[in-house]
Protein chains: 2
Amino acid sequence: MLKIRIVAVGGIKEGFYRDAIEEYRKRLGKWAKTEIQEVAESSQISDSARKREEEGESILRAVKGRVILTDIKGRRISSEALSEILSRSALSGESEITFVIGGSNGVSDRVKKAADDIISFGDITLPHQLFRVVLTEQIYRAMSIIAGTPYHK
Amino acid sequence: MLKIRIVAVGGIKEGFYRDAIEEYRKRLGKWAKTEIQEVAESSQISDSARKREEEGESILRAVKGRVILTDIKGRRISSEALSEILSRSALSGESEITFVIGGSNGVSDRVKKAADDIISFGDITLPHQLFRVVLTEQIYRAMSIIAGTPYHK
């Protein structure tokens, strides 16, 4: 079974977003083992570059398998393209895939270099918490496209 | 005060999405009067074109002022571009603006023709309920950009 890991900087404060994420993670259970690993935000550091470096080190320690970084400036993809990324990973025998959501100041160059792919869902800036809901839903949608279930129609 | 109306086909079943939308609507209160008007989904009609027509008639009865249709195939915009749409509307003396979210089968040509602008947030397909959260958040973000508050940073 595919293992999907989401490595994200910072926590989820809003209960309704936690519930939404948990709902998709639960539904994903039939197709993949999904794990969310939160990395502490370097909130005591005021310098953006140093913040990115420190958070970047924590991110790199947490990633496993194929690494997909999400970034507003990344390669623009559709839901179908995400399902192709996941099915290709599974077909090539990779059992683990990690999606990275950076902090509010972005991620370090080391994280960008470590990424196998950098993807973007669009030009809008979403709050970190809501973006995590969208990513989890898109992973669920991608798996449902692969499985051929009617959810994505 | 600007009046923002969201006309959407179908209801919100998930409590966590209702809570998320209500949270942004509440926060928007300091800058705009936001009203959400749900239009019934023509669920008894199996033919997509007829469904779009019937839902389209209900949408057109509900819109007021400047009409912005959201559509995955629309003009791709950023959060900043949305804030410009809203500030231009306010500056030109328009007191009402309507955002339209169509049904799962899209909207009729009549609705497309009635729209002053057709916008898209990206290439991914989101469930109707989650898209409504994203739109409400983006309207809140756009207003906070206009107001110059630190939310959007």
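Is Y24(B) buried or exposed? Y24(B) is buried, with a relative accessible area of 3%, where buried means under 20% relative accessible area, exposed over 50%, and partly exposed in between (1.4 Å probe, protein chains only).

The model on screen is predicted: local features need pLDDT of at least 70, side-chain atom pairs count only at pLDDT 80 or more, and totals for chains, interfaces and linings use all residues. Residues are numbered from 1 along each chain as its sequence is written, chains are lettered from A and ligands numbered from 1 in the order in which they are written, and side-chain values use heavy atoms, with hydrogens and water left out.

**Stop 1: the aromatic pair of chain B**

Rings of Phe, Tyr and Trp (its six-membered ring) pair if their centres lie within 6.5 Å; planes under 30 degrees apart count as stacked, over 60 as edge-to-face and the rest as tilted. Y24(B) lies in helix α1 (residues 15–28) of chain B and Y140(B) in helix α5 (residues 128–147) of chain B, so the pair ties together parts that are 116 residues apart in sequence. Helices (H or I, at least four residues) and strands (E, at least two) are DSSP runs, numbered from the N terminus.

A search of the whole structure finds 10 aromatic pairs over all chains. In chain A, select Y24(A), W31(A), Y140(A) and Y151(A), which ring pairs link into a cluster. A charge sits over a ring if NZ of Lys or CZ of Arg is within 6 Å of the ring centre and within 35 degrees of the ring normal. In chain B, K30(B) lies over the face of W31(B), at 4.7 Å from the ring centre.

**Stop 2: helix α1 of chain A**

Select residues 15–28 of chain A. The 14 residues of this helix should span 20 Å at 1.5 Å a residue, and its end C-alpha atoms are 20 Å apart, which agrees; the expected span is 1.5 Å times one less than the number of residues. Buried in α1(A) are F16(A), Y17(A), A20(A), I21(A), E23(A), Y24(A) and L28(A). Seen down the helix axis, the buried residues of α1(A) fall within an arc of 155°, so they line one face; the arc is that of the directions from the helix axis to the C-beta atoms. They pack against β2 (32–39) and α5 of chain A, together with α1 and α5 of chain B.

**Stop 3: where the chains meet**

Display both chains. The contact takes 26 residues from chain A and 26 residues from chain B, where contact means heavy atoms within 4.5 Å. About 2,100 Å² is buried between the chains, and carbon and sulfur atoms give 60% of this area. F16(A), I124(A) and T125(A) supply 26% of the area that chain A buries against chain B, more than any other three residues. Buried area is the accessible area (1.4 Å probe) that two parts lose on being put together, summed over both.

**Stop 4: helix α5 of chain A**

Select residues 128–147 of chain A. This helix is mostly covered, with 16 of its 20 residues buried. After α5(A) comes G148(A), whose phi is positive, near 75°.

Within α5 of chain A, pick R132(A), which is buried at a relative accessible area of 2%. Beyond its neighbours within four places in sequence, its contacts include I21(A), I36(A), E38(A) and I101(A).

**Stop 5: helix α2 of chain B**

Select residues 48–62 of chain B. The 15 residues of α2(B) reach 21 Å from first C-alpha to last, close to the 21 Å expected at 1.5 Å a residue. K51(B), E55(B), G56(B), I59(B) and A62(B) are buried in this helix. Those buried residues fall within an arc of 130° seen down the axis of α2(B), so they line one face of the helix. The face turned away from the buried side carries the exposed residues R50(B) and R61(B). Among the elements covering the buried residues are β1 (2–9) and β2 (32–39) of chain B.

**Stop 6: V9(B)**

Finally, select V9(B), in strand β1 of chain B. V9(B) counts as buried at 2% relative accessibility. Leaving aside neighbours within four places in sequence, V9(B) is in contact with residues including E55(B) and I59(B).
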